[in-house]
Amino acid sequence: MFVISPAFKKAAALLSLLFLISLSNAVLAQTKLKRTDVGGETPQSLLWVGNSFFYFNNSMHSHVGNLIRAADPQSRPRAVSVTISGSGIDWHDMESYFRPNGIGKYSFVGDNEIVFNKPGRQFDAVIMMDCSQCPIHPQLKSVFHEYVKKHSNIILKADARPVLFMSWAYKDKPEMTAQLAEQYTTAGNNNDALVIPAGLAFAKAISKRPDLELYQPDKRHPSLIGTYLAACTTYASVYARSPVGNTYIAGIDPNTAKFLQTVAWEAVQEYFSK
């Protein structure tokens, strides 16, 4: 009787995963992204609108801010994260986020002091994401495209710029990478919006270093290094600067951080140049 050893099973599972990743990479984002910059001047203030994918690990917006400050100590980036656990893009009331004297009216600076910001538009750009599978869900895909359009129009009317955050595949469903990439790219093109290819960066990192754990045990939410990789991808996309060599590494092992910085930069360059 032929007995399959546990080691063989583990190796076969790994090979299967790598095959799926390579297969998905071959068809990633078949549609070419039209916009490869935010539009207008470099944004100094960002509004993040999403869910727990953003707020895990002390919130992705704080890591992006730290990357900006590490690269330019004189910069004063501002960001606000508006997140609802488990939410879809249609859960958010975008119009209310731009109401006068509302979100962004003041900021905490220095030694936890409150500073009131200049009245008027508080955000230069809005980074949006849908729930992790909504853009490819048979009943929710149309809702994704409907609300990207609706929210983008509100953002543009407020004299800000819409940006889409392409989320990553679940750990055990790598085929989601290509599916999400296609929907986010299409939505970006339909609404003249930049798309941050975080999902493609995840797939690239996994293909190169399958030993790194980018996920929480639930196979959806990001580990700290997953959040850092997504933050580096956001920094590279929105600010058109390489994160490679940035001194902010979020307490991660320096060699691992450099690898993640490099993968983020490569993923953005490849996506924007297709």
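I looked up Arg-121 first: with a relative accessibility of 39%, Arg-121 counts as partly exposed. The scale calls a residue buried under 20% relative accessible area, exposed over 50%, and partly exposed in between, using a 1.4 Å probe and protein chains only. I note that this is a predicted model, in which local features need pLDDT of at least 70 and side-chain atom pairs count only at pLDDT 80 or more, while totals for chains, interfaces and linings use all residues. Residues are numbered from 1 along each chain as its sequence is written, and side-chain values use heavy atoms, with hydrogens and water left out.

**Entry: salt bridges**

Side chains of opposite charge can pair when their charged atoms come close. I counted a salt bridge where a side-chain nitrogen of Lys or Arg is within 4 Å of a carboxyl oxygen of Asp or Glu. The count comes to ten.

Arg-121 pairs with Asp-124, and their closest N and O atoms are 2.7 Å apart. Asp-124 is partly exposed, because its relative accessibility is 22%.

I then looked at Lys-219, which forms a salt bridge with Asp-172 at 4.0 Å between the closest N and O atoms. Lys-219 sits in the loop between α7 (198–208) and α8, and Asp-172 in the loop between β6 and α6 (176–190), so this pair ties together parts 47 residues apart in sequence. Helices here are DSSP runs of H or I with at least four residues, strands are runs of E with at least two, and both are numbered from the N terminus. Lys-219 is partly exposed at 37%, and Asp-172 is partly exposed at 45%.

Which residue does Lys-204 meet in a salt bridge? The partner is Glu-270, at 3.0 Å from N to O. This pair links distant parts of the chain, with Lys-204 in α7 and Glu-270 in α9 (residues 254–273), 66 residues apart. Lys-204 is buried at 15%, whereas Glu-270 is partly exposed at 39%.

I also found a network of salt bridges that links Arg-35, Asp-37, Arg-161 and Asp-192.

**Entry: α7 against α9**

I looked up how these two helices pack: the angle is about 125° and the axes are 9 Å apart. The axes are lines fitted to C-alpha atoms over the stretch in contact, and angles run from 0 to 180 degrees between N-to-C directions. Lys-204 and Ala-205 are among the α7 residues that meet α9, where the partners include Phe-259, Val-263 and Glu-270. Contact means heavy atoms within 4.5 Å.

**Entry: helix α3**

I checked the length of α3 (residues 60–71). Its twelve residues should span 16 Å at 1.5 Å a residue, and the end C-alpha atoms are 17 Å apart, which agrees. The expected span is 1.5 Å times one less than the number of residues. The buried residues of α3 include Met-60, Val-64 and Leu-67. The buried residues pack against β1 (45–50), α2 (52–55), β6 (161–165) and α8 (224–239).

**Entry: positive phi**

Most residues other than glycine have a negative phi. I noted Asn-57, with a positive phi near 60°, in the loop between α2 and α3. Asn-57 is partly exposed at 23%. Ala-250 also has a positive phi near 60° and lies in the loop between α8 and α9, but Ala-250 is buried at 17%.

**Entry: the whole chain**

I recorded nine helices and seven strands. Of the 274 residues, 50% count as buried.
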